[in-house]
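This report sets out selected features of one model, with the cut-offs that stand behind each term. Please keep the sequence and the structure in view while reading.

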Amino acid sequence: MKTSLEQAMQAALCFVAFIIIQFAVMQCAALIVDNMAFNATALVVSSLVASIITIALFVWRRWAVLSRNYINTRPWNTFFWTVTTAIGMIPVASFILETCDLRISDEAVRRYANMINHDLGYIVIGMVAPVAEEIVFRGAILRSLLKIFDKRMHWVAIFVSALLFGIVHGNLAQGLNATIIGLLLGWMYYRTGSIVPGIIFHWANNTVVFVMMKLMPGTYNMTISEFCGGDTKKIAIFMVCALCVLIPSLYQLTIRLKR
């Protein structure tokens, strides 16, 4: 049995390893192409390679333990409510960012749009990246942190892992959004001991954003007020509808997500 210090060091090692992989792959790609921000293929391929290396390393080193135990319980209803939670969370998180007067930079939006418009964009954004990030931040980092704190202090572990998840996104707007989502994903992992609900949530969230940017380019960096044309009544109706999806979904998850 590892000591608390050893668990903390393993969590730190996992975080550093993730950062190094991302940085190393991006630097290698930058040596090959002139401008990463405008080269969609370089962005997509480097992200795909980094995710694959991350998954392979974390599974090989057993920093994250993969198991079919949770899937074998056939939690299909839970998956449904996880998806609806993700859908309801998107406008709520966007409203929080607008309230904090935070906006994603134009460069970040341009990079994301380039990836989305690539043929392999959805495979990376909607499928591979969610698996890699859940393996790292919930399956490895949070799993180690939960062994340090007792059940009464589990929110400390969840908060730390969510904060680290936010930091790796590289800017305040995306970082705050990722931290908020990370708190929910961490809670889901704590209740189930499985990264599968987090992967489902992550997939749903990224898929909705992907589809919206495909159908309505420019919405990724749009505030709720801008989306509703500045109409206060429309904003209120939009947020009420979002909460009507989010609150019942969260309630269902509290019932169905059992450790």
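Is E134 buried or exposed? E134 is buried, with a relative accessible area of 1%, where buried means under 20% relative accessible area, exposed means over 50% and partly exposed lies in between, computed with a 1.4 Å probe on protein chains only.

## Basis of the model

The model is predicted, so that local features need pLDDT of at least 70 and side-chain atom pairs count only at pLDDT 80 or more, while totals for chains, interfaces and linings use all residues. Residues are numbered from 1 along each chain as its sequence is written, and side-chain values use heavy atoms, with hydrogens and water left out.

## Salt bridges

The structure holds two salt bridges, a salt bridge being a side-chain nitrogen of Lys or Arg within 4 Å of a carboxyl oxygen of Asp or Glu. Side chains of opposite charge can pair when their charged atoms come close. One of the two joins the side chains of R138 and E134 at 2.7 Å, N to O. Because R138 and E134 are four residues apart in helix 5, about one helical turn separates them; helices here are DSSP runs of H or I with at least four residues, strands are runs of E with at least two, and both are numbered from the N terminus. R138, like E134, is buried, each with a relative accessible area of 1%.

The side chains of R103 and E226 also meet in a salt bridge, with 2.8 Å from N to O. R103 lies in the loop between helix 3 (76-99) and helix 4 (106-116), whereas E226 belongs to helix 9 (residues 224-227), so this pair ties together parts that are 123 residues apart in sequence. R103 counts as partly exposed at 43% relative accessibility, and E226 counts as partly exposed at 42%.

## Nonpolar cores

A nonpolar core is a set of buried Ala, Val, Leu, Ile, Met, Phe, Trp, Tyr and Cys residues joined through side-chain atoms within 4.5 Å. The largest such core has 48 residues, of which F58, F137, I141, M188 and F201 touch the most other members. At least two residues of this core come from each of helix 1 (4-32), helix 3, helix 5, helix 6 (154-167), helix 7, helix 8 and helix 10 (232-256), and helix 7 supplies the largest share, nine residues. Apart from this core lies another, of eleven residues, which includes L43, V44, Y112 and M115.

Contact means heavy atoms within 4.5 Å. When its neighbours within four places in sequence are left aside, F137 is in contact with F15, F18, L142, S161, L164, F165 and V168.

## Helix 4 and its cover

Which residues of helix 4 are buried? They are A108, V109, Y112, N114, M115 and I116, and what covers them includes helix 2 (40-60), helix 5, helix 7 and helix 8.

## The second largest pocket

About 250 Å³ of space lies in the second largest pocket. On a 1 Å grid over the protein atoms alone, a pocket is an open set of points where a 1.4 Å probe fits, with protein on both sides within 12 Å along at least five of seven lines, and lining residues have an atom within 4 Å of a point. Grid points are joined across faces, edges and corners, and the volume is the space filled by probe spheres set on the points.

Of the 18 residues that line this pocket, V65, L66, S67, S194 and I195 are the closest to its centre. Helix 5 (121-146), helix 7 (172-192) and helix 8 (196-215) are the elements that give two or more residues to the lining, and helix 5 gives the most, with four residues. The lining divides into ten nonpolar, six polar and two charged residues, where Ala, Val, Leu, Ile, Met, Phe, Trp, Tyr, Cys and Pro count as nonpolar, Asp, Glu, Lys and Arg as charged, and the others, Gly among them, as polar.

## Individual residues

R62, in the loop between helix 2 and helix 3, has a phi near 60°, a positive value in a residue other than glycine, and R62 counts as exposed at 56% relative accessibility. R74 is found in the loop between helix 2 and helix 3; its phi is positive, about 55°, although R74 is not a glycine, and R74 counts as exposed at 61% relative accessibility.

N206 lies in helix 8 and is buried, with a relative accessible area of 11%. Leaving aside its neighbours within four places in sequence, N206 is in contact with I125, G126 and P130.
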